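Trainee: I would like to go through the ligand sites. Shall we start with the structure in view?
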Amino acid sequence: MPHTPLPNALHDSDTSGAAALAVPFTTTPGFSTLGEKFFTRLQPTPLPSPYLVGVAPAAAALLGWDAGVGAEPGFVETFVGNQVPHWADPIATVYSGHQFGIWAGQLGDGRAIRLAQADTATGPWEIQLKGAGLTPYSRMADGRAVLRSSIREYLCSEAMAALGVPTTRALSIVGSDAPVRRETIETSAVVTRLAPTFVRFGHFEHFAAHDDVASLRQLADFVIDNFMPALRDEAQPYQALLREVSLRTADLVAHWQAIGFCHGVMNTDNMSILGLTIDYGPFGFLDAFDANHICNHSDTQGRYAYSQQPQVAFWNLHCLAQALLPLWLPAEDAGKEGARDAAIEAARAAIDPFRDRYAAAFFRHYRAKLGLRPPAGGDDKVDEPLLTSLFQLLHGQRVDYTLFWRKLCGISSQDASRDAPVRDLFLDRATFDAWATDYRARLRAEQSDDAARELEMLAVNPKYVLRNHLAETAIRHAREKDFSETGRLLAVLSRPFDEQPEAEHYAALPPDWAAGLEVSCSS
Ligand code: AMP
Ligand code: MG
């Protein structure tokens, strides 16, 4: 489908009178080549008196900008949606999905507007405004995002990237005092997100639900050709796509578990086809370890509890498999039992590798966190007893997850008398001592060098994660128009594995008032 820009996208349309922003990239149509079944062309809805809340230097660099770009003429107006630059072709995409295990029908970008795909030295980046106004997919909602959740998404996207976890990125936040009703009246913001593509499992489910196999195939081809070209050479590229997504999702969730990240709303419309963390809403990092921690106050059943994330990811892959099935089961064969069984078997074979991949990634992460080498013979089962007893210990005593791992880095393989920093995190020290004896035995068995191991462990066990109370403090300041705390926190979280003596308090246990914090789907 040819690229047909809207007439008003030929010139900068500007409701603010600001100069146009110079950009260091070219743009290409990307997703918008798919045609109008996939999206609606539209314009962002302006917000009054926008102000810059922050620009994330690392995300800006992806597009070829330095951190000062926020002060450039036109930046604020462009990334709040008040000025539509000539290089933009704004669209909102349509998708469907399963929410909390139930088919929810059509959803779509209800408040996200993709401005363009930037082609840069760091690859293609779709530039998307979140909170830029109503779209045809807004349903009963207002198309806006509040400052509170925008700050959370901005900080966490960049924190996750710095932790090495695949994620969408956040370029900037622009605020406006325009009121938005949630539980209370809050103010608006637009967070600009970046991703190679924002395609979700739900995009595929949408076309499957409409029996639109041609569009389904078109979308699968788009993803393969642009993001996984090696799959073209496979005998069954669509099954290979499903397998690839399964493997990426397994890696992603294992990484989440290792750093203690809870997504909070793992609906199929919040699952990236590239295996990125996407849609930061009521997420949370574990403070006191509770395997069944539910970070989302709206998740009354605990469907998306920390311990459930791997299973839920696999369930979501079943939904994706179901959606892709028509690509290898033509409609004329769907009624034939043998053909149908074979197609389902192929789908199952494509997602089943999730299990082994997840298990392998899980053990890889936790061995690295413990500073252990792979067991002789490579059988992960050898490490299971040590890990299981550790999780029981952490869970039983509600030990702070991040502090535990960080302090474990300094343990001696020879000398239990130097255990105090980590041992003191446990109320019942004797149970820790019993576990530490086994751990130390394993370290000695593999002749672990304490100094070398400590350095390796410090590089995988972060000191700084975005605990809820840290985000909350930044939000409270931002509501008073003081954005310096958001900037400071972003800078600290951008170096999560480094000791930052001036930022020690960001690594401390949550204060008592943090226990009262609740995050929900309201954003
Ligand atoms: P989420 O739970 O944030 O993943 O959103 C689920 C669906 O609701 C998606 O289609 C969103 O675009 C849509 N949505 C959430 N909040 C809003 C809002 N304030 N305005 C319009 N659509 C929204
Ligand atoms: Mg979503």
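Trainee: Where does ligand 1 sit?

Mentor: This is a predicted model; local features need pLDDT of at least 70, side-chain atom pairs 80 or more, while totals for chains, interfaces and linings use all residues. Residues count from 1 along each chain as written, chains are lettered from A and ligands numbered from 1 in written order, and side-chain values use heavy atoms, without hydrogens or water. Ligand 1 sits in the largest pocket.

Trainee: Which side chain has an N or O atom 2.9 Å from a nitrogen atom of ligand 1?

Mentor: Take the polar contacts (N or O pairs within 3.5 Å). The R182 side chain lies 3.3 Å from a ligand nitrogen, and R144 uses a backbone atom, at 3.1 Å. The side chain at 2.9 Å is that of D142.

Trainee: How many charged residues are in the shell around ligand 1?

Mentor: Charged means Asp, Glu, Lys and Arg. The shell also has 3 nonpolar and 6 polar residues. The charged count is 8.

Trainee: Which residues coordinate the magnesium ion, ligand 2?

Mentor: Donors are N, O and S atoms within 2.8 Å of the metal (3.2 Å for Na, K and Ca); water is not among the atoms, so the site may look incomplete. The distances run from 2.0 to 2.2 Å. The residues are N270 (OD1) and D279 (OD).

Trainee: Why does N270 count as buried?

Mentor: Buried means under 20% relative accessible area (1.4 Å probe, protein chains only). N270 qualifies because its value is 11%.

Methods
Polar contact = N/O pair within 3.5 Å; in protein donor to acceptor, adjacent residues only side chain to side chain. 1 Å grid on protein atoms, 1.4 Å probe; cavity = no way out; pocket = protein on both sides within 12 Å on 5 of 7 lines; lining within 4 Å. Sits in = over half its atoms within 2 Å of the grid points. Buried < 20%, exposed > 50% of the residue type's maximum accessible area, 1.4 Å probe, protein only.
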